[in-house]
Amino acid sequence: MLVVRLLVAGPLRFNALNKSIGGLSAKVLSRALRDLERDGLVTRTAYPTVPVTVNTTSPRLAGRSSARWTRFRTLDALSHWAEQNIEAVHASQVNQKMSACARSFGFA
């Protein structure tokens, strides 16, 4: 979701995108970009340089189907919510992990 939101502003190279997001391994980001490309939400263009340069962008939505536009708006709203609530999400993840650890030792 965050990837799509970042790309609406314009194309980004892989490393710039990875730095903007933070906290993801290159493997996870690469997989996410391939999945988004498969779903038609981003376009990846490779240039024959050494090393290969890959720009990723969100396709222009003008003239696209209303289903794609609705999907984009939904993802954008969800991404905005995630950005606003990321600390609460992380706290919940930590609590879940601590609870699971306590249960494994018979404390819960």
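Predicted model: local features only at pLDDT ≥ 70, side-chain atom pairs only at ≥ 80, totals over all residues.
## Basis

Residue numbers start from 1 along each chain as its sequence is written. Local features need pLDDT of at least 70, side-chain atom pairs count only at pLDDT 80 or more, totals for chains, interfaces and linings use all residues, and side-chain values use heavy atoms, with hydrogens and water left out.

## Strand pairing

Helices (H or I, at least four residues) and strands (E, at least two) are DSSP runs, numbered from the N terminus. Two strands pair if DSSP finds at least two bridges between them.

Strand 3 (residues 53–57) runs antiparallel to strand 1 (residues 12–13), joined by 2 bridges. Here Leu12 has Thr56 as its bridge partner. Strand 3 also runs antiparallel to strand 2 (residues 43–47), with 5 bridges. In that pairing, Asn55 of strand 3 lies opposite Thr45. Strands 2 and 3 form a hairpin, with 5 residues between them.

## The hairpin loop

Pro51 sits in the loop between strand 2 and strand 3. The peptide bond joining Val50 and Pro51 is cis, with omega about -10 degrees. Most peptide bonds are trans.

## Thr56

Thr56 belongs to strand 3. Its relative accessible area is 1%, so Thr56 is buried (under 20% relative accessible area; exposed is over 50%, partly exposed in between; 1.4 Å probe, protein chains only). Leaving aside residues up to four places away in sequence, Thr56 touches Leu7, Gly10, Pro11, Leu12, Leu33, Val42, Thr43 and Arg44. A contact means heavy atoms within 4.5 Å.

## Nonpolar core

The largest nonpolar core has 12 residues: Val3, Val4, Leu7, Leu17, Ile21, Leu29, Leu33, Leu36, Leu41, Val42, Phe72 and Leu75. Helix 1 (2–7), helix 2 (14–21), helix 3 (26–38) and helix 4 each give two or more residues to this core. Such a core is a set of buried Ala, Val, Leu, Ile, Met, Phe, Trp, Tyr and Cys residues joined through side-chain atoms within 4.5 Å.

Leu33 is one of the core residues. Beyond residues up to four places away in sequence, Leu33 touches Val3, Phe14, Leu17, Val42, Arg44 and Thr56.

## Surface patch

Met1, Leu78 and Trp81 make a nonpolar surface patch of about 310 Å². Patch residues have over 30% relative accessible area and no salt bridge; nonpolar side chains (Val, Leu, Ile, Met, Phe, Trp, Tyr) are joined within 5 Å, like charges within 9 Å. A salt bridge is a side-chain nitrogen of Lys or Arg within 4 Å of a carboxyl oxygen of Asp or Glu. Areas come from the Shrake-Rupley method with a 1.4 Å probe; for residues, only the protein chains shown count as cover.

Trp81 lies in helix 4 (residues 66–84). Its relative accessibility is 47%, so Trp81 counts as partly exposed.
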